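Here's a quick tour of the model shown below. Have it open while you read, and follow the residue names as they come up.

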Amino acid sequence: MLSLDYLRTYLWTAPHLLQAILLVLLIRRVFYKQFPIFLSYIGFEVLQFVVLFVMLRSRSVSGGEYYYAFALGSVASASLRFGVIYEVFTHVFRNYPALGGVGSALFRWTAVLLLLLALCLAWLAPGEGTGHLMVMIDVLNRSVSVLQCGLLLFLFLFSGYFALSWRSYVFGIALGLGIYASLDLAIASIRSQIEPRETSLLNDMMMGTGFACLLIWMFYLLAPEREAQLASKELPTHDLETWNQELQRLIQK
Amino acid sequence: MTVTVILVLVGLLALAGLLVLAKGHVGSTANVENLTEQLRSVDVEAFRNLVDPGEEQFLRANLPGSEFRKIQRERMLAAIEYVSCAARNGAILTRVGDAARHSPEPSMAAAGEKLVDTAIRLRLYAFHAMATLYLGLVLPGVRISPVGIAESYEQMTRLVVLLGCFQHAPQGVAAAL
């Protein structure tokens with residue numbers, strides 16, 4: 001039992017320590033100019049951990065106060081994650097002006113449809129259990145995950161269809177966030193239907209997921225960028241007729 | 001409870017989908033060097049003929065109804081094959097153009113930029129054309145005209161040729177232009 005407590009403390013503490021290290025490294029690389037919201041999100045996560053850790057250890061803070069702080073933090077964190085998704089979206093599409101209008105319109109409509117879906121789900125399965133605040137947070141988390149998961153899937157599908165290239169760090173941020181959102185959707189759905197005291201295993205799984213996503217971010221954000229190069233053998237030579245027409249056009253000029 | 005089970009399954013499926021899409025992305029980045037080997041030739045004139053309203057009008061006027069619907073369905077299937085092939089080439093050339101626009105040679109970078117732009121427009125047209133052609137397949141009597149795709153494909157082919165010229169003799173071609 002003691003070792004399980006140690007594991008939980010480790011799963012809660014280690015990712016935030018890594019986040020703090022990542023924050024320092026990204027600030028030193030002036031990453032905040034490109035991804036201000038992502039950096040704010042990492043900074044907020046570190047700050048939230050420090051505040052919650054101090055509150056948990058303090059004897060003057062009641063359980064209710066701690067959970068209110070936790071709920072507020074969850075709302076702010078979810079809002080920042082939406083900001084990060086928008087930041088990823090703008091980074092992917094800014095190099096493709098031909099897609100600007102279509103991409104933005106489709107992204108907006110997808111968000112509206114997903115919001116309606118999340119509201120329907122919240123109405124259909126409002127959550128069960130005695131801990132009113134925690135159940136509310138879980139239902140909120142579930143709704144947020146539906147939206148975030150859907151938006152990220154849309155982003156991957158859309159850019160896959162148009163064969164858009166992503167900078168590796170943008171891809172890493174989206175992948176980490178996508179894995180987190182999809183597992184959060186599954187876990188928050190279960191958690192919203194059971195008693196809060198029975199959720200410790202699910203909490204451990206979510207902390208493990210957060211840790212794994214952070215490692216993905218660290219890998220992609222700190223690894224050197226690989227540029228695609230056009231090799232000389234790359235261009236097609238089989239379309240001789242078009243070659244001929246084009247050369248004739250050039251000669252006539 | 002049913003909604004919860006569905007949501008858990010959706011979450012796990014979304015995770016699997018994301019991993020598959022991400023794997024595809026990593027694979028596509030790694031194989032830039034072999035991209036053009038996957039290009040397939042498209043006969044633009046044959047495609048124009050297949051979606052020519054005059055040709056369709058002629059067939060409609062000279063064939064019995066059932067015969068016309070059968071032939072029109074086959075023509076639509078062939079046109080779908082052409083469009084999907086052109087769209088696939090468009091996706092490949094988007095990546096080739098992307099690689100070219102990072103070139104230190106300004107003329108080549110500009111040609112790469114134009115190629116990316118045209119290839120993306122082609123994919124947009126192809127998406128629209130596929131929907132129209134499938135509609136024509138389900139309802140052979142409905143008039144269809146997938147505009148823009150043939151022109152866009154030709155423009156894209158021209159840009160690939162120019163990119164090839166820039167690659168082999170950049171100064172000469174830039175001067176000729």
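Leaving aside neighbours within four places in sequence, which residues is A:Ile173 in contact with? They are A:Phe38, A:Val84, A:Val88 and A:Trp217, where a contact puts the two C-beta atoms, placed from the backbone, within 7 Å.

## Ground rules

This is a predicted model, and local features need pLDDT of at least 70, side-chain atom pairs count only at pLDDT 80 or more, while totals for chains, interfaces and linings use all residues. Residues are numbered from 1 along each chain as its sequence is written, and chains are lettered from A and ligands numbered from 1 in the order in which they are written.

The model scores ipTM 0.77 and pTM 0.78. For chain B the mean pLDDT (the predictor's confidence in each residue, from 0 to 100) is 77, with 76% of residues at 70 or more.

Chain A has 8 helices and 0 strands; chain B has 7 helices and 0 strands. Both kinds of element are DSSP runs numbered from the N terminus: H or I over at least four residues for helices, E over at least two for strands.

Of the 253 residues of chain A, 35% are buried, and for the 177 residues of chain B the figure is 40%. Buried means 20 or more other C-beta atoms (placed from the backbone) within 10 Å of the residue's own, exposed means 12 or fewer, and partly exposed is in between. Take contacts between residues at least 6 apart in sequence: in chain A, 79% of them join residues at least 24 apart, and in chain B, 72% do.

The largest nonpolar core has 84 residues, and A:Val88, A:Leu152, A:Leu155, A:Ile173 and A:Ala174 have the most contacts inside it. Such a core is a set of buried Ala, Val, Leu, Ile, Met, Phe, Trp, Tyr and Cys residues joined through C-beta atoms within 7 Å. Helix α6 (residues 168–191) of chain A supplies its largest share, 16 residues.

Helix α3 (residues 63–93) of chain A and α6(A) cross at roughly 145 degrees, their axes coming within 10 Å. Axes here are lines fitted to C-alpha atoms, for helices over the stretch in contact, with angles from 0 to 180 degrees between N-to-C directions. The crossing of α3(A) past α6(A) is left-handed, that is, the near helix is turned anticlockwise from the far one by less than a right angle, with clockwise giving right-handed. From α3(A) the contact uses A:Arg81, A:Val84, A:Ile85, A:Val88, A:His91 and A:Val92; from α6(A), A:Val170, A:Ile173, A:Ala174 and A:Leu177.

## α4 against α5 in chain A

The axes of α4(A) and helix α5 (residues 132–161) of chain A come within 9 Å and cross at roughly 150 degrees. The two are therefore roughly antiparallel, a label for angles over 145, with under 35 roughly parallel, 65 to 115 roughly perpendicular and the rest oblique. This crossing is right-handed. Among the α4(A) residues that meet α5(A) are A:Gly103, A:Phe107 and A:Leu114, and the α5(A) side includes A:Val139, A:Gly150 and A:Phe158.

A:Ala111 sits in helix α4 (residues 100–124) of chain A. Outside four places in sequence, its contacts are A:Leu147 and A:Leu151. A:Ala111 is partly exposed because 17 other C-beta atoms lie within 10 Å. A:Leu106, also in helix α4 of chain A, has 13 C-beta neighbours inside 10 Å, so it too counts as partly exposed.

## Two positive phi values

Most residues other than glycine have a negative phi. A:Val30 goes against that, with phi near 55 degrees, in the loop between α1 (2–28) and α2 (36–57) of chain A. A:Val30 counts as exposed because it has 8 C-beta neighbours inside 10 Å.

A:Ala163 has a positive phi of about 55 degrees and is found in the loop between α5 and α6 of chain A. A:Ala163 has 23 C-beta neighbours inside 10 Å, so it counts as buried.
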